[in-house]
Amino acid sequence: MVKYDFLVAGSSTVDAFARTSRIQRIDISGSENRSIEHIVCIPFGSKTDLEDLQFFPGGSAANSAVVMQRLGSTATVLSCVGNDNFSNIVIQDLEKNKVDTSNIVVTKSVGTGVGINITAPSGEKSVLVYR
């Protein structure tokens with residue numbers, strides 16, 4: 001029986017970071033200027049150019065397990081990913097960081113979770129999430 005310092009349960013995803021200068025922020029004041037809602041605007045019905053697009057492994061469980069390994073503990077991840085290219089990114093990164101992946105379930109019924117981070121030149125971001 002293999003013994004680990006940590007069993008980390010949760011998400012294992014891929015994070016896409018999309019940076020564009022074409023994004024705009026609009027602030028909408030609520031009643032009596034008590035609240036402000038921040039809205040992300042991208043021209044609807046158009047193709048918006050990106051200055052940069054990068055993909056990274058992520059997810060709370062995967063990230064936590066990698067950090068624990070780097071700090072000298074042993075960790076395994078209890079998580080579910082799809083049978084797709086994104087799961088390969090997640091599993092390869094965990095294995096590269098010496099995290100045990102034997103408790104990751106690969107399923108055909110759903111895809112691997114993806115977070116699409118849309119980042120404005122100011123550094124502010126909004127995230128679209130496929131769980």
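Q: Which residues are exposed on the other side of helix 2, not the buried one?
A: Asn85, Gln92 and Lys96 are exposed there. Exposed means over 50% relative accessible area, buried under 20%, and partly exposed in between, with a 1.4 Å probe and protein chains only. This is a predicted model: local features need pLDDT of at least 70, side-chain atom pairs count only at pLDDT 80 or more, and totals for chains, interfaces and linings use all residues. Residues are numbered from 1 along each chain as its sequence is written, and side-chain values use heavy atoms, with hydrogens and water left out.

Q: OK, and which residues of helix 2 are buried?
A: Ser87, Val90, Ile91, Asp93 and Leu94. Down the helix 2 axis they fall within an arc of 160°, so they line one face. The arc is taken from the directions that run from the helix axis to the C-beta atoms.

Q: Why would residues three or four places apart point the same way?
A: Because an α-helix has 3.6 residues a turn.

Q: What do the buried residues of helix 2 pack against?
A: Strand 2 (13-19), strand 5 (52-58), helix 1 (60-70), strand 6 (75-82) and strand 7 (104-107). Contact means heavy atoms within 4.5 Å. Helices (H or I, at least four residues) and strands (E, at least two) are DSSP runs, numbered from the N terminus.

Q: What span should helix 2 have?
A: Helix 2 covers residues 85-96, so 12 residues at 1.5 Å each should span 16 Å. Its end C-alpha atoms are 17 Å apart, which agrees. The expected span is 1.5 Å times one less than the number of residues.

Q: Switching to helix 1. Which residues are buried?
A: Ala61, Ala62, Ala65, Val66 and Gln69. Just after helix 1, Gly72 takes a positive phi of about 100°.

Q: Which residue other than glycine has a positive phi?
A: Lys98, with phi near 65°. Lys98 is in the loop between helix 2 and strand 7. It is exposed, at 66% relative accessible area.

Q: Now strand 6. Is Val77 buried or exposed?
A: Buried, at 0% relative accessibility. Val77 is in strand 6. Leaving aside neighbours within four places in sequence, its contacts include Val8, Ala61, Ala65, Leu94 and Val99.

Q: How far is Val77 from Lys47?
A: They are 38 Å apart, C-alpha to C-alpha, and 30 residues apart in sequence.

Q: And Ala75, buried or exposed?
A: Buried, at 1% relative accessibility. Ala75 also lies in strand 6. Outside four places in sequence, Ala75 is in contact with residues including Tyr4, Phe6, Met68 and Val99. Ala75 and Val99 are 24 residues apart in sequence, yet 5.7 Å apart C-alpha to C-alpha.

Q: How much space lies in the largest pocket?
A: About 150 Å³. On a 1 Å grid over the protein atoms alone, with a 1.4 Å probe, a pocket is an open set of points with protein on both sides within 12 Å along at least five of seven lines; lining residues have an atom within 4 Å of a point. The volume is the space filled by probe spheres set on points joined across faces, edges and corners.

Q: Which element gives the largest share of its lining?
A: Strand 4, with three residues.
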